[in-house]
Protein chains: 2
Amino acid sequence: MQDRAILTRQAILTAAAGVFEERGYRAATISEILARAGVTRGALYFHFPSKEDLAEGVIREQDGRLPAAGRQCAVQQLVDTVVLHAHRLRTDPVVRAGVRLALDQQAEGLDRGGSFRRWREVGAELLELARERGELLPHVVPAETAGVLVGAFAGVQAISRSLSGYQDLPRRVSGLLRHVLPSVVIPPVLASVDLSEARGAWVQEQLTAAGAAPNPAPLT
Amino acid sequence: MQDRAILTRQAILTAAAGVFEERGYRAATISEILARAGVTRGALYFHFPSKEDLAEGVIREQDGRLPAAGRQCAVQQLVDTVVLHAHRLRTDPVVRAGVRLALDQQAEGLDRGGSFRRWREVGAELLELARERGELLPHVVPAETAGVLVGAFAGVQAISRSLSGYQDLPRRVSGLLRHVLPSVVIPPVLASVDLSEARGAWVQEQLTAAGAAPNPAPLT
């Protein structure tokens, strides 16, 4: 896409994220998104032919991002993926809206399962890599562990949002990882992995310092 | 309460659960609940003076139930509490509506955090009991572990609902427990605890066979 088309698309997604956040999927209207984005109706329909496409566009903005390729320790890369996502939830309104849409129980007709499946695939791939490198306990089934992590993260973030407006999210995510990883990772790896609450902000800083795009490429 | 008042209250809660399920909290109306319950407006307002009270009544129906007092192993009692809740989610529409309301992101003005806090208290109490009996690893902080379990369960059930209409919930909950308990429980206890997928249905059968009330008393 050309630069200008990318900017238009981003303006539409940001406006859509705001409207979905405030109204929920069902009550949101294209008219309100259009007014807020300040683009023509033609431009909006060019990028997103329907409300469903708009919502899926927002959901995809939070999907399966990887913080950095090629960390030596695959488990640390998995941890960094999780804590970066938590950090982006706190700092990026489009990511926040995407997660909220994926969990919007009133969003009938929207394929909300796709987001969970994509995150599970990212997790399973990283866990497969960890297994190849000998970082996992022998009984681990990567797809199953990835499913547990994705489900647990979804609930932990929902409760953090409900109880603290995401203030306690880094502490809760760190707690989740400290409860799950000992069942998955061999002790020497566990001892070397950084699960601290500050890790998410640090990963984001490293990305910014390295001049990476604010939205790193999805795993393919 | 007299028998008749109890029946009326139950009819109202069942009707309210259905309407909240179909419409979500925000779009649900007292008129529709009234029509479905087949009770007088006076009776409804006597039990539940507002829509918020109705929703909190439904939420409380799924709160912190314990399957049975006095199991020898406190960790098994914790597991049974979790798997019974999962079983009730699949079989009891009021429980299902209560969980959904507690996670309804559009339910502004509703105290949704209370449900999470009550479940966390139930979990922390059972984990304290497990600690007194020597069933836990020494580093465990019961309130923190209870918070992780409540958050993780909320997400696992939401994804199971979204992807399979709760068909895979027993498998997912068993997987969650198998990923978290090894970080919490000493190995001999772990070896003796039943975490199988069939446990929830079995616990419910035992309760029914023992002639227990369908809604066992909350922990006090």
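Mentor: Between the chains, 31 residues of chain A are in contact with 31 residues of chain B, two residues being in contact if their C-beta atoms, placed from the backbone, lie within 7 Å. This is a predicted model, in which local features need pLDDT of at least 70 and side-chain atom pairs count only at pLDDT 80 or more, while totals for chains, interfaces and linings use all residues. Residues are numbered from 1 along each chain as its sequence is written, and chains are lettered from A and ligands numbered from 1 in the order in which they are written.

On the side of chain A that touches chain B, the elements giving two or more residues are α7 (113-132), α8 (142-164) and α9 (169-180) of chain A. Helices here are DSSP runs (H or I, at least four residues), as are strands (E, at least two), numbered from the N terminus. The largest share of that side, 15 residues, comes from α8(A). By class, the side divides into 14 nonpolar, 12 polar and five charged residues. Ala, Val, Leu, Ile, Met, Phe, Trp, Tyr, Cys and Pro count as nonpolar, Asp, Glu, Lys and Arg as charged, and the others, Gly among them, as polar.

Now chain A as a whole. Its secondary structure comes to 11 helices and zero strands. The radius of gyration of chain A, taken over C-alpha atoms, is 18 Å, close to the 17 Å that the globule rule (2.2 Å times the number of residues to the power 0.38) gives for 220 residues, so chain A is as compact as a globular protein of that length. Along the principal axes, the C-alpha atoms of chain A fill a box of roughly 55 × 35 × 30 Å. Of the 220 residues of chain A, 45% count as buried; a residue is buried if 20 or more other C-beta atoms lie within 10 Å of its own, exposed if 12 or fewer, and partly exposed in between.

In chain B, helix α5 (residues 74-91) has 15 of its 18 residues buried. Helix α5 of chain B packs against helix α11 (residues 199-209) of chain B at an angle of about 90°, with their axes 8 Å apart. The two helices are therefore roughly perpendicular to each other, the word used for angles of 65 to 115 degrees. Among the residues making this contact are B:Val83 and B:Leu84 of α5(B) and B:Ala201 and B:Val203 of α11(B). The contact has five nonpolar, three polar and two charged residues.

Technical notes:
Axes fitted to C-alpha atoms, helices over the stretch in contact; angles between N-to-C directions. Parallel < 35°, antiparallel > 145°, perpendicular 65-115°, else oblique.
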